[in-house]
Amino acid sequence: MFLVCLFTRINRFSLTFKMIIYGVYIVSKSGGLIFNLDNNVPRIEHEKTFTYPLDIILDYSPKKVSVVFNRKDGINVGHILVAVNGMVVNGATLEDGRDVKTLLETADNYPLNLKFGRPKMTTNEKIFLASMFYPLFAIASQLSPENKSSGIELLETDTFTLHCFQTLTGVKFIVVSETGLVGMDILLRKIYELYSDYALKNPFYSLEMPIRCELFDSKLQLLLDMIEKTGINNLDK
Amino acid sequence: RAPPRNSEFLTLTYGALVTQMLRDLENVEDVNKQLERIGYNMGMRLIEDFLARTSAPRCMEMRETADRIQQAFRIYLNIQPSITNWSTASDEFSLQFETNPLTEFVELPPDLNNLRYCAIITGCIRGALEMVQLDVQCWFVQDQLKGDNVTEVRVKFIRRLEDAIPAGED
């Protein structure tokens, strides 16, 4: 009985340490995204049966069908149409080639079961964003009122914090996490160590190229899992 | 970090590499060049390992750089070269090795007198420093394999690679 008590105590204790890391990015010296990992991003999807006429307002663009107004039941402005009657939507067409717009505007087709979700960033968009961060980082160091300044080390919003660490050789390690976490510099250094071990010491990895090393992936995942469970202070050196 | 468990393994592997290259290339000068190049590529990667483990800040003078190189030898080869023979302009120094694990069992045959057996070391220093935006020249002045008392590696500062310095670092 005592043991059980102790166990739950420890469990609850470690829960207070829980920290959420949303993603890890590595940007090369020349500004290219060479690695990214999505971690623990909550997948938000809502499915609902609709009758004619549709009571949410949609915008049909060739790339996606998105909600522009009238949110309801968790389906929010900005969400995109993921599936119709369980059939996946690719851009503005269904899997079987039918056009989504004509389908949704024809009364005979209803009731329809529509699934909406938060849009996921594509790899291209991520590469684009990484190369946007690069000049932003440089501008920050030039805007400095003091003589010298580093680039952006911390970027805070109401939903996440971005931590950036640039090595002396110019590689940037970026971690996106929930706000209010401390000691992220330790995590960034640890990722740097993993990079120097499992990417650079891999004889088949060429410098400046995207990192496709399974060992690196798994060690990084292990590291993230560990700090999510036990907090950052328990990292062994 | 613990020093290599058995440095003999490194010594023998390196010996095997050099002899294989002598067999493949025949021309000793080519072997020197290739060893330098291998070292250069190793240095470019090894520097990240060094920085990740030591958290060393950027060097602002040659004397700091010399200390860091010394520290790197301690970490990777478990030897401590002494830093000597500073030039008056403080842009040139020597690393002197009493012992060198790479040459522990090596006797150079007379016909290979032109071989720079440890050329990988000079390449490594050059590659590593280039990644932290320091252009240096690096060569052997003395070599125990050729009858000198000590092995001496000379490092000469050429310039800082200003264009390559990452934003927020210059």
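A residue is called buried when its relative accessible area is under 20%, exposed when it is over 50%, and partly exposed in between, using a 1.4 Å probe and protein chains only. By this scale B:Ser90, at 28% relative accessibility, counts as partly exposed.

The model is predicted: local features need pLDDT of at least 70, side-chain atom pairs count only at pLDDT 80 or more, and totals for chains, interfaces and linings use all residues. Residues are numbered from 1 along each chain as its sequence is written, chains are lettered from A and ligands numbered from 1 in the order in which they are written, and side-chain values use heavy atoms, leaving out hydrogens and water.

**Chain A as a whole**

Chain A has five helices and twelve strands; helices (H or I, at least four residues) and strands (E, at least two) are DSSP runs numbered from the N terminus. Its radius of gyration is 23 Å, well over the 18 Å that the globule rule gives for 237 residues, so chain A is more spread out than a compact globule. That radius is taken over C-alpha atoms, and the rule is 2.2 Å times the number of residues to the power 0.38. Along the principal axes, the C-alpha atoms of chain A fill a box of roughly 65 × 60 × 45 Å.

Of the 237 residues in chain A, 38% count as buried. A contact means heavy atoms within 4.5 Å. Among contacts in chain A between residues at least 6 apart in sequence, 56% join residues at least 24 apart. Chain A exposes about 14000 Å², with carbon and sulfur atoms supplying 58% of that area; accessible areas come from the Shrake-Rupley method with a 1.4 Å probe, and for residues only the protein chains shown count as cover.

**Nonpolar cores**

A nonpolar core is a set of buried Ala, Val, Leu, Ile, Met, Phe, Trp, Tyr and Cys residues joined through side-chain atoms within 4.5 Å. The largest one has 77 residues, and those with the most contacts inside it are A:Leu187, A:Tyr195, A:Ile211 and B:Ile125. Helix H2 (residues 28–54) of chain B gives the largest share of this core, nine residues. A second, separate core has 17 residues, among them A:Leu81, A:Val89, A:Tyr110 and A:Leu114.

Leaving aside residues up to four places away in sequence, A:Ile211 touches A:Ile26, A:Ile34, A:Phe35, A:Tyr195, A:Ala199, A:Tyr205 and A:Phe216.

**A buried serine**

A:Ser66 sits in strand S5 (residues 65–69) of chain A. With 10% relative accessibility, A:Ser66 counts as buried. Its contacts, not counting residues up to four places away in sequence, are A:Ile57, A:Leu58, A:Asp59, A:His79 and A:Ile80.

**Backbone features in loops**

| Bond | Omega | Loop holding the proline |
|---|---|---|
| A:Tyr52 to A:Pro53 | near -5° | between strand S3 (45–50) and strand S4 (57–60) of chain A |
| A:Tyr110 to A:Pro111 | about 0° | between helix H2 (100–105) and strand S9 (112–117) of chain A |

A:Asp73 has a positive phi of about 50° although it is not a glycine. A:Asp73 lies in the loop between S5 and strand S6 (80–84) of chain A, and is exposed, with a relative accessible area of 52%.

B:Ser90, also not a glycine, has a positive phi of about 60°. The loop that holds B:Ser90 runs between strand S1 (82–84) and strand S2 (92–97) of chain B.
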